[in-house]
Amino acid sequence: MSTPDQATARFLDAGELAELERLAPGKPLESLALRVAGAAAGTAGSGADLLAVIAPGAAPALASGIAGVVGRLRPRLLASIGAGRKASAARIAALREELARRNLCGFLIPLADEHQGEYIPPSAQRLAWISGFSGSAGMAVVLRDEAAIFVDGRYTLQVRDQVDTAIFAPHHLIEEPPATWLASRLKAGDRLGFDPWLHTAAGIAAIERAAASAGAQLVAVAGNPVDAIWTDRPPAPLSPMKPHALAFAGESHEDKIARLARGLAAEGLDAAVISAPDGLAWLLNVRGQDVPNNPLSLGFAVLDAGGEGLVRLFVDPAKVTPEVRDHLGNRVTIAAPDDLGPALDALGAAGAKVRLDAATAAVWLSARIEAAGGAALPGLDPCALPRAIKNPVEIAGTRSAHVRDGAAIVHFLHGLQQAVEAGETLDELAVVARLEAARAAHGWFRGPSFDTIAGFGPNGAIVHYRATEETSRVLEKGNLLLLDSGAQYPDGTTDVTRTIAIGSPSPEHRNRYTLVLKGHLALGAARYPAGTSGSQLDVLARLPLWAAGLDYDHGTGHGVGAFLCVHEGPQRISKMPNSVALRPGMIVSNEPGYYKTGAYGIRIENLVTVTELPAPVGAEREMLGFETLTLVPYDRRLIDTSLLTAAEIALVDAYHARVQAQLAPLLDQAALAWLKTATAPISR
C-alpha cells in the first residue's frame with residue numbers, strides 16, 4: 001500500500017486507505033484520499049455522484065463502496081466543529097499564541113467564506129469551531145485579553161445557549177457593532193489582523209476607520225491564523241457540477257452570457273468577477289452540492305465584456321464532469337482556483353475596468369486587481385437583477401413546485417393531527433423528520449432549502465431556532481408549534497411557515513395570530529405603482545401589530561431563487577432601506593410574525609411573485625401586485641374572526657378555496673377529507 005502523507009492521514013485511517021486502494025487499484029492513493037475527504041466535506045450523497053468526482057471512469061459497481069467510505073468519514077470530519085464550545089478555551093489560547101507570533105493584537109473571525117455565502121462549507125466554519133455559535137450571521141473579535149461575539153437580533157437568545165460567555169462576551173451586531181467595541185479598546189501601534197478573503201470592502205470599512213482613529217493598523221494577513229491552529233480542518237468541498245436543463249432555466253447560458261456582456265460593455269466595463277456562487281449557477285445553468293440546502297458549486301468566474309462575452313470559470317477541475325464540459329461549450333473555459341490570481345493580474349496590467357459585487361466580493365479580489373494597475377469598481381453583481389426577475393418558464397416551474405410541496409405538507413399536517421389526537425409522543429426532531437419524509441416521497445425532491453425550524457412553545461420565540469438533541473421539546477397540548485421549512489425541486493424553491501395549534505389555543509394565542517394574519521393578508525393584497533420598493537411596503541405587514549403596541553425584529557420578506565438560494569437579493573421587504581424596485585417576475589416572501597420570549601412564537605409565511613395588474617379606469621401609472629405561490633392552509637383554530645373585516649375573511653376563504661382546488665388531485669382520500677375541513681369557509 002502507498003504511504004499517505006500527513007495531510008491525508010489526518011482524515012483517513014489505515015484501514016480506509018487500504019479499502020480505497022482495493023476499490024480503485026492503480027489510481028494515486030494520495031489524490032484519491034484527498035478527493036474522498038473533499039467529497040465528505042460536500043453534501044453529495046449518491047454513489048454515482050461521489051464516484052464522478054473521486055474516481056471518474058471507475059466501474060459503477062464501486063459506487064456503493066466509495067459512498068460507504070465517504071459516509072463514515074463525514075461525521076468525523078465535522079466533529080471538531082461541533083466541539084466548539086467545549087474546546088473554545090483551549091482553542092482561543094492557541095489562537096492568541098499564534099497571534100503573538102505574528103505580532104498581532106487581535107483577529108476578526110466572521111461567519112463567512114470567500115463568497116460571503118449564507119451556507120458555508122465546513123472548512124469555513126471558523127466561528128463555530130472556535131466559539132460553538134452555529135447561527136447564520138455573526139463575528140467574533142479576539143484580542144490579547146478579551147474576546148467578544150456579535151450577533152443580530154435573531155440570535156440574542158441562541159448565542160447565550162451555545163457560547164461560553166465567560167470567554168466571548170455577547171453583543172448586538174447592530175446596536176454595538178464590532179467597530180464601536182474596538183474603538184474603545186485598540187491602542188496606538190496595535191496591529192489588528194483580518195483575512196482579506198472573508199471580508200468585503202464595505203464590511204471592513206467601519207473597522208478600518210475605528211483602527212485608524214485609535215492609531216492602530218488593520219492588517220490583511222497572508223494565511224488565516226485560525227487555520228494555522230485548526231490541524232484537522234476539513235478540505236474544500238468536492239461535488240460534481242450538473243447541468244440545469246433549459247426546460248427549467250428558460251434561457252440558455254450562452255444567451256445569458258451575451259446579454260450580460262452587452263450590459264457590461266454599455267457601462268464602459270471590460271469584465272466582471274462573479275464571486276457569488278448563485279450568480280455563477282444562474283449564469284452558466286449549472287447546479288452543485290458543495291454546501292447544505294443551496295444547490296451550489298463553489299467557484300469564481302470572470303465574465304469578459306468583449307464580443308458576445310466569454311466566461312473563465314475557476315473551480316476544481318474534478319467538479320467538471322464530461323457532461324458539464326459538453327454543456328458549457330466553447331463560451332466557457334475552465335481553470336483551477338489558483339489561476340484566478342494571475343487572471344486578475346492580467347486584467348490589472350491591461351488597465352481593465354472590472355465590476356466587483358459590492359455585497360460578496362472579497363477585499364482580496366479588489367486589492368489584487370488594483371495592485372496590478374486595474375480599476376476594481378464595486379457595484380451590483382451583473383447576475384443579481386436578471387436572476388431575481390424570473391422568466392415565464394421559471395415562474396411556471398415554481399408554481400408547479402408549490403403545488404407539489406403543498407400536497408406533501410398537507411399529508412404531513414394530516415398525520416400530525418392524527419398523532420396528536422392519538423396521544424403519540426412527538427418532539428421537534430420527530431416533526432422535522434416526518435416533514436422531510438413527506439416531501440421525499442416525491443422523486444423530484446432534492447432536499448430542504450434550509451434547515452427546518454420546528455419550534456414548540458418557548459423555542460418558537462427563537463427566530464432562527466434549530467432543534468438539537470439537547471433542545472428538542474416534546475409537543476404538548478395547549479401551546480403552539482412554529483414550523484418554517486422549504487424544499488428544493490428542479491423546477492423551483494419553496495419556503496413556507498405555518499403556526500400550528502397543538503390542542504386548544506389560548507385567547508392570547510388567537511389574538512396574536514390574528515394580528516399577524518391581518519398584516520400578512522394586507523401585504524399579500526397590496527396594489528402599488530411600478531417603482532415601489534419592498535421597504536415602502538413593509539409597514540403594511542406591521543400596522544395591525546403596531547396598533548396593539550407589538551412588532552417583530554426581522555424583515556418581512558426576502559427574495560427566493562428558482563432551484564437556487566432560498567434567500568436571494570437584491571430585493572427585500574424590510575424596515576431597512578432598499579432602493580431596489582419590485583419588478584414583475586421577482587419572488588419574495590411575506591412573513592410577519594410575533595414572538596413572546598419564553599412562551600411561544602408565531603409566523604405566517606407565503607411566497608409571492610410580483611405581477612402586473614390590469615390598469616383601473618383612468619389610471620395614470622402602471623400598477624403591480626402579488627400572486628401567492630404557497631398553497632398550505634392557515635390554522636383556522638387560531639383565527640379570531642371578530643378581529644377580521646369582511647374583506648379579510650373573504651381573502652382567507654378565497655385562498656383556502658384555491659388551496660383545496662389545486663391540491664385535491666394530489667391527495668389520498670384521508671388527506672383530502674382533512675384538507676376540506678381545514679379549508680372550510682370561516683365566519684364570524
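A: Let's start with a word we need: two strands count as paired if DSSP finds at least two bridges between them. Keep in mind that this is a predicted model.

With that in hand, here's the sheet you asked about. Three strands make up an open sheet, running in the order β15-β16-β19, and the pairing is antiparallel. At its edges sit β15 (453-456) and β19 (496-502), each of which pairs on one side only. Ignoring direction, neighbouring strands here are turned by 15 degrees against each other on average. Now zoom in on one pair: β15 lines up with β16 (residues 479-485) in the antiparallel sense, over four bridges. Within it, Gly-455 stands opposite Leu-482 in β16.

Now for the other sheet. Six strands form an open sheet in the order β4-β3-β2-β1-β5-β6, and its pairing is mixed. The edges belong to β4 (168-172) and β6 (217-220); each has a single partner strand, so one side of each is left without a neighbour in the sheet. Neighbouring strands are turned by 25 degrees against each other on average, again with direction ignored. Take β1 (residues 106-110) and β2 (residues 139-143): they pair in the antiparallel sense over five bridges, and Phe-107 has Val-142 in β2 as its bridge partner. Helices pack on this sheet too. Helix α6 (residues 84-101) touches β1, β2, β3 (147-151) and β4, its direction making about 60 degrees with that of β2. Helix α10 (residues 201-213) touches β1, β2, β5 (191-194) and β6, and its direction makes about 135 degrees with that of β6.

Terms used:
Residues are numbered from 1 along each chain as its sequence is written. This is a predicted model: local features need pLDDT of at least 70, side-chain atom pairs count only at pLDDT 80 or more; totals for chains, interfaces and linings use all residues. Side-chain values use heavy atoms; hydrogens and water are left out. Helices (H or I, at least four residues) and strands (E, at least two) are DSSP runs, numbered from the N terminus. Axes are lines fitted to C-alpha atoms, for helices over the stretch in contact, and angles run from 0 to 180 degrees between N-to-C directions. Contact means heavy atoms within 4.5 Å.
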